[in-house]
Every structure is written in structure tokens, then in C-alpha cells.
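Subject: Structure for your files

Hello,

Here is the structure I said I would pass on. My notes follow below it.

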Amino acid sequence: MKVALAQMTPHLGDVSKNLELHRSLIAKAKNDGVELLIFPELSLTGYTLKDLVREVALIPEKDPIFQELKELSRGLPFVCGFVEDKDTGLLFNSAAYFSEGEVQHIHRKVYLPTYGMFEEAKFFAQGKNFLTFPTPFGKVGLMICYDFLHYGASYLLFSGGVDLIIVISAAPGRGFPESGEEVFATCHMWELMGETISRFSTAFVFYCNRVGFEDGKAFAGGSFIFSPTGKMLTRADCTDDVLLTQDLDLDEIRAIRKKWPYKRDNKPEIILEALKRVIQKYED
Amino acid sequence: MKINGPFIEKLLTKFIREELTKFNFANGILGLSGGLDSTVSAFLAARALGPEHVVGLIMPYGKTFSQDKDDAGELVKLLGIRTHTIDIAPSVDAYYAAHPSAEHILKGNKMARERMSVLYDFSEREKALIIGTSNKTELLLGYGTLHGDMACAINPIGDLYKTQIRTLGRHLGIPEKILKKAPTAGLWDGQTDEEELGLTYEEIDKILYQLADLRQSRAEVLEAGFDPGKTDKIIRLIKNSEFKRHLPPIAKISYRTVGHDFLFPYDRDK
């Protein structure tokens, strides 16, 4: 199977320009024989939206842009990020999986970073679910950026039987590693989680981040893919726009689960009951 | 505090290129003092845009700081950027003839703002975006003239401490003479930053890194072995210069107010 991560630079607040960018990357990927294409978080709008959120929000059932995206997915399923207007006026930071002319699944970002340089919860409503859904490649689960840094979210996808974890991101780069490598220190944090979650969920992890600057913030790229054995298959650099393509073997999922039975031995019922007891002891 | 020269160069040249593209400028302009910060900014701009797209303004005050003027001239030759030399003495002197003062800080600020005024005028003449040259140390200490040398359209080096800029400068191949020069705000002849502040940049940056980057409290910084007097001086300078790092407060009396809750990105529709 051939997968591509579109590490790109969206135009902030300009949906039509970004749609054009999607169109050309989808065409290129189709041409390259890609079978699944992944765009970064808020790929249709840019990240630092603030009060622009309302201007760029799309209603999936009604918007002609969504209709066009659905058509574009014929012959190549893809995941992209957008601002979703749902329940009459609530705005979500969402990811949609398009396939064969349909929206197969929408994930709404649950963990909205709101500290230091981040202010997402000021502008977005919070999603509530981490659900898997069936595709011809296996069960897929979506996460958006900060979702992935909360391992409970991965656990829910794992318990939902996930085979392919897709994380779309707009993660800014911060700090420099002591090793002197040409990456941001924060890139290691994402890779560490990628390695851990892929290995202990025995699932593929696809992490597609963006690049470019918005209001001075540098987005850190470094998109990567981990196999279900926890092996890094590919990684993009931190600064450049790139369509990162990778061939992979879906049979690896089945093979590794024979050796490491984490999926078989998962005990969500025990976790659920134990969590209830933990929560009961919470204090203000 | 360690930085990787090639990676930082790649990031900051990309930043300069992207910002100019977003705001539809082909050219960048900056003031050249002959010091390290403006030299590093000029190197980055020349590598990002090509030397033919960078304009350096050398703005001496008469014949003082003639060494700096010569160094700036040398740099221009080295980089192959375009340049103008504008003597600010006639306009500053005309003002002081009418409103005399012996206070050299006053005059230093006046000179910094005169240079800013020339820089903005030339940015329009040259259709060029102003590239700032204030570093993180200066920004945190407030060691700059408001609406003077702090004024710019974009600032590629504002998240690098002075000592990190020296590392970057070495990587960029900046002449040793400029790397070794004692940093000066050029407020008066013979002035050096370290003498005026009573601290070396090595000391300042290490303490600033603890306080700003590592979010350490005063107590934690002292526990790490830093000098109490020096630490307190730096904390005082940071606190007293908060106003230099913000736009002025607007009295909020309506439902939606500029600077409070009329919140759009700087890069809107870019």
C-alpha cells in the first residue's frame, strides 16, 4: 500500500486558495499511485485563525466546497482538516476522512491546547469522541495534534480495534536538542509518542504536520510514519513543503499481533470500572 | 542555550522569504550600525533574498563612531547589498540648537528615532520591508529605544540571545572584527552595553534563560547559584520595561475593542 503525507503550508484564512492547493496535491498523489493521502490539521484554513474561525467555517452537509472535496476523493481517499460549523453555530477543529465521493468519518478535536502560545478553546468547541471506522485498509482512527499527546486518546482507538492511527497536526517547533541535530526539540516528543503508540497498539501511526510561519510561529514539519512494530519508516525534515510517500505492508499488523498479543490481552472493562473508582475519589 | 547554526540559518532565511512574499515585497531594508546584530540580520537577509534585494542604510551622526561606519561599509562590500549613507547630524543638531540639553540618554534616544524616521522614509522610497535587528536579550531587558531601534516590520533575530547571535554570526562567516566588537547601543561615543548595564552578556543571557525560557522563579535562580544582585537587577529591568513589549492599552468601553477582543491574525488572508 502506498501512503502520502502532504507536509504543506496553507494560506491563513483563505479557503479557496487552500482548496486549490488540495486539488493539485491530490492530482499529484493520484499520479504517483498513492492510495491514501493525509493533509495536516486545518489544512483548508490555516491555523492561527482567531476571530476568522467563523468566516472560514464549513457546514459539511451544505457547503459546495465539501461537495467538491467529496468528488476529489473518487479514486483516492484522503484526510484533511477544516473548521466545522455544527449544531447551528458551534465551531469545531475537525478532521474528515473522504472516500469514494463520501465523507466516511469526522473527528472533532477533543484536546484543545489553551496555554502559553495556544488559545484554541477560546475559539473552538470541544469534541467528545475517539471512534474507529472501517476502511478497505483496516480500522482507522483519527486524532488532531494535541489529542495525540494524551495517551488516553490512543487507548480509546486501541480499544476500538484500530489498525491505522492518523494524526493530523499543526504543531509549532520549539527549542533545540542538545544533540545538535537540525530539528526542533519538540519534534522528538512527537516521535517518541509515535514510536510508543505504534508499538504498543500494534498499529501503523501516520503523523502529518505542516510547515511555514504564521504570525511569526514556525510550524515544525517532521511528518513521519511508524510501522506496527514501532519502526520509523520515513520522516520529513522540519522546514520544507513535501509530499512524503511511503510503501508499506498492511500484513505487518497481523504478523506482529501473533508475536505481541497486546490487542488480545487488552482489558477495557477493567480499565473502565477502575477509572470510575478513580474519578469518585477526585477532589476539587 | 546551544543552537545549531545551519538549522537556524535555514529557519530564519525561510522566515524572511515567507514574510516578504506574504506582504508582497521583493526587497528588504535595514539599518547597519557596524555592530553584530545588524550584521547578522543583513547576512540572513542577503542569503534569503539575494544581495540585490537588500538595502542597507548607514546612518552615522557626523564624524563620531567613524570606525562603525567603516565596518558597515566593509560589510556592504562583502555582502554585495545596495546601500545609502545618510548623516543624521544636520537634523539632530538643528533640533538641539532649538532645544538644547546635555543629557546624553535623551540625545541617544533622539538619534535612534531619527534613524527610525529615515529608515521608514527609505522603506517607502525603496518599496522595501523593514527587517528588525533587536535581539532577545534587548527585548527582555527593554534595552532599546521605543519607536527607535525597536521599530520594524519583521524581526528574524528577536528570539535569539546576544550570545546565541554571536554563535550564529560565527556560522554565517561574519568577520572576526565584528564578532569581537564590544556591543554598543551607540548612545554616545565610547559607550558599551556591558559597562552601562554593569553585567556581561554571558551573565545576562544565562540568567534570562533561567527566568524566561525555563520559567524559574527568583528563588530557583538563586538556588542554581546565580548572584542575587545581578539576578535582581535583571528582574527589575524586565519588570520595568513591560510597556516596551506591548501596544499601548486602549480604554475598553464597547462590546468589541481593538487590542482586546477584535482578534485577527497579523497574517490575515496571507
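Which backbone nitrogen lies 2.7 Å from a polar atom of the side chain of Asp267(B)? The model is predicted, and in it the nitrogen belongs to Asp215(A).

Asp267(B)

Asp267(B) sits in the segment that follows α12 (228–240) of chain B. Is Asp267(B) buried or exposed? Its relative accessibility is 1%, so Asp267(B) counts as buried, the cut-off being under 20%. With neighbours within four places in sequence set aside, the contacts of Asp267(B) in chain A are Leu12(A), Phe213(A), Glu214(A) and Asp215(A). From chain B, Glu19(B), Lys22(B) and Phe23(B) are in contact with Asp267(B).

Chain B against chain A

The contact between the chains involves 29 residues of chain A and 24 residues of chain B. The size of an interface is often given as the accessible area lost when the parts come together. For chain B and chain A the buried area is about 2,200 Å², and carbon and sulfur atoms account for 57% of that. On the chain B side, 25% of the area buried against chain A comes from Lys2(B), Phe7(B) and Leu263(B), more than from any other three residues.

Four salt bridges are found across the interface of chain B and chain A. In a salt bridge between Lys10(B) and Asp237(A), the N to O distance is 3.0 Å. Polar contacts across the interface of chain B and chain A come to 13 residue pairs, both residues at pLDDT 80 or more. How do the residues on the side of chain B that touches chain A divide by class? There are 12 charged, 11 nonpolar and one polar.

Domains of chain B

The domain assignment divides chain B into domain 1 (5–183) and domain 2 (196–245). Taken over C-alpha atoms, the centres of domain 1 and domain 2 of chain B are 26 Å apart. In the contact between them, domain 1 of chain B has 16 residues and domain 2 of chain B has 17. About 1,500 Å² is buried between the two domains of chain B, with 65% of it on carbon and sulfur atoms.

How many salt bridges does the rule find across the interface of domain 1 and domain 2 of chain B? There is one. Lys136(B) and Asp213(B) form a salt bridge in which the closest N and O atoms are 3.2 Å apart. Between domain 1 and domain 2 of chain B, 13 residue pairs are in polar contact, both residues at pLDDT 80 or more.

On the side of domain 1 of chain B that touches domain 2 of chain B, the elements giving two or more residues are α6 (136–141) and α7 (162–172) of chain B. The largest share of that side is from α6(B), with five residues. By class, that side of domain 1 of chain B holds nine nonpolar, four polar and three charged residues.

Gln246(A)

One residue of chain A is also noted here. Gln246(A) belongs to strand β14 (residues 242–247) of chain A. At 18% relative accessibility Gln246(A) counts as buried, because the limit is under 20%. Apart from residues up to four places away in sequence, Gln246(A) touches Met1(A), Lys2(A), Val3(A), Ile225(A), Leu233(A) and Thr234(A).

Regards

Terms used: Residues are numbered from 1 along each chain as its sequence is written. Chains are lettered from A and ligands numbered from 1 in the order in which they are written. This is a predicted model: local features need pLDDT of at least 70, side-chain atom pairs count only at pLDDT 80 or more; totals for chains, interfaces and linings use all residues. Side-chain values use heavy atoms; hydrogens and water are left out. Helices (H or I, at least four residues) and strands (E, at least two) are DSSP runs, numbered from the N terminus. Buried means under 20% relative accessible area, exposed over 50%, partly exposed in between (1.4 Å probe, protein chains only). A polar contact is a pair of N or O atoms within 3.5 Å; within protein, one must be able to donate a hydrogen and the other to accept it, and residues adjacent in sequence count only if both atoms are side-chain atoms. Contact means heavy atoms within 4.5 Å. Domain bounds come from an automatic or database domain assignment. Buried area is the accessible area (1.4 Å probe) that two parts lose on being put together, summed over both. A salt bridge is a side-chain nitrogen of Lys or Arg within 4 Å of a carboxyl oxygen of Asp or Glu. Ala, Val, Leu, Ile, Met, Phe, Trp, Tyr, Cys and Pro count as nonpolar, Asp, Glu, Lys and Arg as charged, and the others, Gly among them, as polar.
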